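Reader: I have the model open and want to go through it with you. Can we start with the terms and then move to the parts?
Author: Fine, terms go first.

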Amino acid sequence: MKVLACDGIHEDGLDLFRHAGWDVEVAPEPIKDHAALAQALADVDAVLVRSATKVPAEALAQASKLKVIGRAGAGVDTIDVDAATARGVAVMNAPDGNTLAAAEHAIALLFALARHVPRADAGMKAGQWPKAGLTGFELEGKRLGVIGLGRIGSTVARKARGIGMDVAAYDPFLPAAAAGRGSVPLMPLDELLAWADIVTLHIPRTKETTNLLSEARMRAMKPGAMLINAARGGLVDEAALLRLLDEGHLAGAALDTFVTEPLAADSPLRTQPNLVLTPHLGASTSEAQQAVSTILARQIIDFVATGAVAGCVNLPPLTPEAAREVGPWMPLMTALGRVASRLVPAPTRLQIRYAGRTEGLDTRPLTRLLVSSLLGAASGRVTPVNALHEAAARGLEVSETVGGEGDGYDRLVRLTIEGDNANGRDVRRTIDATLHRAPRVVALDGVEIEFDPLAHVLLMRNEDRPGMVGTVGSQLGAAGINIINFALGAAGDGFARAAITIDREIDEAQLELLRGTPGVLSIQQI
């Protein structure tokens, strides 16, 4: 076996490969040219990268021997995970190894901002005595808003409270009960931004989180507030940040990560006096680099030798026999996870019942897939491999039963989800789905109603009275929306549920018009 190590992987991890009989090739510098990387990957079984060497789809096109891409750290946003999965290449990371280093760097930036350390140091080295204008502030008693309460965010919160700060957090997929165990209150994002004296980011960069702190959101921060991003470049609108610093709305900011790395020599970020910059040093401690290299090496060696998938961030491998049985269920489970996340955004309990013809069905990958879809639809932080671990960390209790009658269907799955809805109210929802004839939902909250969860669907709760179908249908027609199917089921309590399958997604403005229709109690798009 042969492994290619890029980006300065710690020798302790490379020694583990050598002791296991692997050939180790060390790239003298990061491989930034995609064609050169494709050539380098042509004859290796594994590649190790940090953040400098990116692995796009084109670099994998000729990698016929490649079995594993290992990220010596947490974030895999520089790796095309979908392309790797399609090629049967496992993607592994080591998120625990650099947690402390990243958290401590965020705290270091916090102190640097509070006491103007970089400007004071630069003035002293320039022969000045720059005391005037560098009056700082004490952190004790100040409010710290933590965006992202995962491993690093939780550690930052704990350390900030240790120096006397008042800490609150925003994490839309963390139930209040789980946050309460760590004594960190949760707030909606806009409320947190208006409350905090300093905001620090600790979330991955995904499509949903790119420019999460837009100009509008940063203007919603209190005048004189400060901002720290030691997570991922692109979470903050850099141009807008400069404007707000120039205007004085924000008193200061610190960035360790950037949209483009390395940062261009002529970047206007370099000339802003109230902006502290560090060159992506969050994980750059000797302890962290040693830890992530050895963790990753052990994971990759075990994976190649035994098929173990610890640290794998994409789907685990299945035997051909298991794949034939599990395969038809997988699109349905992914879709049901998305539906459940819309019905109960902050779940605390999930019960899964597999019924009917379940002989030989390995439900473990299906449950992991469902939970990952339920928890990770927006965050991008949860995969089928780490889904159950993340569920436990977030206070979500997951249970499953297998066997029993399928209520007339040869294969049936019933989900019962409990938790908080979008309004913060306790709810209990049920979804019945089947593979009979095709993947489809056959009941919602005990009401028989059929729809394809893989399609564009509006779920509506309405008064059970004449004219509702025509009224809603007319409004959709006026908006140019074609109705594929309109399934209506009466709940027997004066209300009804409807699943309206439409030909395309509709925007929020159109949804609001529908919600204002007399007789419509709620409507959601899945």
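Author: Two strands pair if DSSP finds at least two bridges between them. Strands (E, at least two residues) and helices (H or I, at least four) are DSSP runs, numbered from the N terminus. This is a predicted model, in which local features need pLDDT of at least 70 and side-chain atom pairs count only at pLDDT 80 or more, while totals for chains, interfaces and linings use all residues. Residues are numbered from 1 along each chain as its sequence is written, and side-chain values use heavy atoms, with hydrogens and water left out.

Reader: OK. Which residue stands opposite A490 in β20?
Author: A496 does. Strand β19 (residues 483–490) pairs with β20 in the antiparallel sense over 7 bridges.

Reader: And what is in the hairpin of β19 and β20?
Author: The hairpin has 4 residues between the strands, and G492 takes a positive phi near 85° there.

Reader: How many bridges join β18 to β20?
Author: There are 8 bridges between β20 and strand β18 (residues 456–463), and these two run antiparallel. R461 has R497 as its bridge partner in β20.

Reader: What does R461 lie over?
Author: The face of F495, at 4.6 Å from the ring centre. The criterion for a charge over a ring is NZ of Lys or CZ of Arg within 6 Å of the ring centre and within 35 degrees of the ring normal.

Reader: Is β20 buried or exposed?
Author: Buried means under 20% relative accessible area, exposed over 50%, partly exposed in between (1.4 Å probe, protein chains only). In β20 (residues 495–502), 7 of the 8 residues are buried, so the strand is largely enclosed by the rest of the structure.

Reader: Different topic. What is the strand order in the open sheet of 6 strands?
Author: The order is β7-β6-β8-β9-β10-β11, with parallel pairing. β7 (166–170) and β11 (275–277) stand at the edges with a single partner strand each, so one side of each has no neighbour in the sheet. Neighbouring strands are turned by 15° against each other on average, direction ignored.

Reader: How many bridges are there between β10 and β11?
Author: Strand β10 (residues 250–255) pairs with β11 over 3 bridges, in the parallel sense. A253 stands opposite L275 in β11.

Reader: Which strands does α11 lie across?
Author: Helix α11 (residues 238–247) lies across β9 (225–229), β10 and β11, at about 145° to β10. Helix α7 (residues 151–162) lies across β6 (143–147), β7 and β8 (198–201), at about 170° to β6. Contact means heavy atoms within 4.5 Å; axes are lines fitted to C-alpha atoms, for helices over the stretch in contact, and angles run from 0 to 180 degrees between N-to-C directions.

Reader: How many aromatic pairs does the structure hold?
Author: It holds 2. Rings of Phe, Tyr and Trp (its six-membered ring) pair if their centres lie within 6.5 Å; planes under 30 degrees apart count as stacked, over 60 as edge-to-face and the rest as tilted. F17 and W22 have ring centres 5.1 Å apart and planes at 65°, so they are edge-to-face. W329 and Y354 have centres 6.0 Å apart and planes at 70°, so that pair is edge-to-face.

Reader: Where do W329 and Y354 lie?
Author: W329 is in helix α14 and Y354 in strand β12 (residues 346–356), so the pair ties together parts 25 residues apart in sequence. Both residues are buried.

Reader: Last one: how many residues of α15 are buried?
Author: 13 of its 14.
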